[in-house]
Amino acid sequence: MASLAFTPTPTPNLDLSNSKAKPTKSLKKVIGKPPHLSIPQIQHKNCQSNLQESYFNTIFSLCGQGRIQAAFKILTEMDRRKFPVGPDIYGLLLQGCLYDRALFMGQQIHSRIVKHGDSLATNEYLETKLFIFYAKCHLYEVANIFFYRLSVKNVFSWAAYIGLNCRMGFYREALMGLCEMIDSGILADNFVVPNILKACAAMQWITFVRGVHGYVVKMGFDRCVFVSSSLVDAYGKCGILEDARKVFDNMPDRNVVTWNSMIGSYVQNGFDEEAAQVFSDMRLEDVNPNQVTLLSFLSASANLGAVEEGKQAHAIAVLGGYELDSILGGSILNFYSKVGLIKDAELIFGMMLEKDAVAWNLLISSYVQYGQVEKALDLCHLMRLDNMRFDSVTLASILSACSIMGNIELGKEGHCYCIRNNLVSDLAVANSMIDMYAKCEKIADARHIFNSTMKKDLLLWNTLLTAYAELGKIGEALKLFYGMQLESVPPNVMSWNAVILGFIRNGQINEAQDMFSHMQAVGIHPNLMTFTTLIYGLVQNGFGNEAILVFQKMQECGIRANLPIIISTISACTDVASLQYGRAIHGYILRHALLSPIPVATALADMYSKCGNMDQARRVLV
């Protein structure tokens, strides 16, 4: 390697004995220039760095404590003292605003970021933070602008986007977002999957649910309790209870959310007994139920008429210290109302901390259902004094009360209220008005309400059809019966029952029997009401033998007789003096433990005495 020529520099003469001797000019050249920062300058920079770190730590601590206002004051002080504020501090503040859903404060921070120019406004970290903040605050349009402006979308931004669409009810967009996410090479994690399952359940996309289930197993997310609970819930909402139960049974660990998903799935699909059993299993495994558990179990108990079980749920709520708010209080009120414990329902209503329209309507409708009409109307008056507006449910109950009382004047007042408050188009209200006018024998007014209702459902058709039938106006009933089919509203068993009733009320027994045969020919299965109407009508019109044959047909259909059918059939045996059939009915009564009601025993005694068997008549009455 070539070397550079080196010429030694002459050493200057120095008086080393003099300690105060200063370097000569030539020595200064050898030493070179002093450093760029002096000692005081270095100390100042270190002090500024420490202060910067102190500001960051203070803001971090305040945001963690939820004191976002105090943290914002620190930011203001930093701006005033010209301290540079980086993305990390703005990110902390946005995160604090996100936790507290402090929208206005977050918007102020956003303004400061924009004010500092593109260096911050286009920062990838801050763009993601701003998007997630606006997404969590449910500002859909603003969040969307930020999302599609993101240069890089990571799993967190995709999770926020999908979650936002689910919360807003845009389930299709959420699922399309998942497809875009996967296309971009990012896999959904165990935070994204529950939202996807929620969207699938809302859309009833069972195939998509199964696909997500396969993905969950492949990625090992089935060990996550939250994901598995979401799978149970999704299968349940899609009505695939077998798969929901399989996921539930195969879970190694189950928390209260999992149990709630299984119980709720059963209740939503009408499997109330299974829901009650799962609740019992949950208690045996020492999992404490929460408010969501109690809401589902109370609903199941109400549907089953299970008084003791519902009271148990109420006791758990009391012992757990749960407040009787509009949700829990309303559920307990609904339970007591459905099982007919009106006094208990009144007590719960009085104890509720806040009463919404649902609570008022529950008690009012209970009063109407159990014939306490005056109490129902008094409660309506108190509801108005409490500045609560009547809604369609309230009006339906009031109009039903008017039907029971035959109070046409009050019914008309209710009708006027519906007109003033634009409730006449509500199908439940229209149905109650038709029933009220019909029960008050104002069938022309009932027909006017029916004709003025633009969208008619099957219940509305059946209400007017039944009204005509009960009045024996079989001609109008038949016109309506065939008219509904022309309007593409297929009649159900209630429609056929109404026509059969109309023929019976009009004394046309043969036509009623023909209609009974015709309904079975077209695939409509008669129910208990069908047999009750027909047997009673046949007996009342002197067709005892035919009534006995219809009773036999009912047994073939596997329908258990009620008290009115038993008494009517015994009367038929009495009328035709058929001891053979009478003894057969007696055997049926004994097998089904129906002898205890006094009317049944009296009817049997009368039948045996009329058939000449006085000894048996006396034994029945003993």
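Author: The model discussed here is predicted.

Reader: Why is His 415 called buried?

Author: The relative accessible area of His 415 is 14%. Buried means under 20%, so His 415 is buried. His 415 belongs to helix H24, residues 408-420.

Reader: Which residues are in contact with His 415, leaving aside its neighbours within four places in sequence?

Author: They are Leu 399, Val 424, Met 433, Tyr 437 and Ile 449. Contact requires heavy atoms within 4.5 Å.

Reader: Is Ser 568 buried or exposed, and how do you know?

Author: Ser 568 has 9% relative accessibility. Since the limit for buried is under 20%, Ser 568 counts as buried. Ser 568 is placed in helix H33, which covers residues 563-575. With neighbours within four places in sequence left aside, Ser 568 is in contact with Ile 535, Tyr 536 and Val 539. Between the C-alpha atoms of Ser 568 and Ala 603 the separation is 9.1 Å, and these two residues are 35 residues apart along the chain.

Reader: What makes Phe 147 and Tyr 161 a stacked pair?

Author: A pair of aromatic rings is described by the distance of the centres and the angle of the planes. For Phe 147 and Tyr 161 these values are 4.3 Å centre to centre and 10 degrees between the planes. Rings pair if their centres lie within 6.5 Å, and planes under 30 degrees apart count as stacked. The aromatic pair of Phe 147 and Tyr 161 is therefore stacked.

Reader: Where in the chain are these two residues, Phe 147 and Tyr 161?

Author: Phe 147 lies in helix H8 (residues 140-149) and Tyr 161 in helix H9, 14 residues apart, and the pair links distant parts of the chain. Phe 147 is buried, with a relative accessible area of 0%. Tyr 161 is buried as well, with a value of 4%.

Reader: Why is the pair of Tyr 215 and Phe 221 called edge-to-face?

Author: The planes of Tyr 215 and Phe 221 stand at 65 degrees, with the ring centres 6.2 Å apart. An angle over 60 degrees counts as edge-to-face, and the centres must lie within 6.5 Å, so the pair is edge-to-face.

Reader: How do you know that Tyr 215 is partly exposed?

Author: Tyr 215 has 21% relative accessibility. Buried would need a value under 20%, and exposed one over 50%, so Tyr 215 counts as partly exposed. Phe 221, with a relative accessible area of 15%, is buried.

Reader: How many aromatic pairs does the structure hold, and which residues do ring pairs link into a cluster?

Author: The structure holds 22 aromatic pairs. Ring pairs link Phe 131, Phe 147, Tyr 148, Trp 158 and Tyr 161 into a cluster.

Reader: What makes Arg 384 a charge over the ring of Phe 390?

Author: The charged end of Arg 384 sits over that ring, 5.5 Å from its centre. The distance criterion is within 6 Å of the ring centre, and the direction must be within 35 degrees of the ring normal. Arg 149 likewise lies over the face of Phe 146, at 4.7 Å from the ring centre.

Reader: What is the volume of the largest pocket, and which residues are closest to its centre?

Author: The largest pocket has a volume of about 400 Å³. Of its 22 lining residues, Lys 198, Ser 230, Asp 233, Lys 237 and Ser 261 are the closest to the centre. The lining of the largest pocket divides into ten nonpolar, nine polar and three charged residues.

Reader: Which element gives the largest share of the lining of the second largest pocket?

Author: That element is H9, with six residues. The volume of the second largest pocket is about 300 Å³.

Definitions and conventions:
Residues are numbered from 1 along each chain as its sequence is written. This is a predicted model: local features need pLDDT of at least 70, side-chain atom pairs count only at pLDDT 80 or more; totals for chains, interfaces and linings use all residues. Side-chain values use heavy atoms; hydrogens and water are left out. On a 1 Å grid over the protein atoms alone, a cavity is a set of points where a 1.4 Å probe fits but cannot get out, and a pocket is an open set with protein on both sides within 12 Å along at least five of seven lines; lining residues have an atom within 4 Å of a point. Grid points are joined across faces, edges and corners, and a volume is the space filled by probe spheres set on the points. Ala, Val, Leu, Ile, Met, Phe, Trp, Tyr, Cys and Pro count as nonpolar, Asp, Glu, Lys and Arg as charged, and the others, Gly among them, as polar. Helices (H or I, at least four residues) and strands (E, at least two) are DSSP runs, numbered from the N terminus. Buried means under 20% relative accessible area, exposed over 50%, partly exposed in between (1.4 Å probe, protein chains only). Rings of Phe, Tyr and Trp (its six-membered ring) pair if their centres lie within 6.5 Å; planes under 30 degrees apart count as stacked, over 60 as edge-to-face and the rest as tilted.
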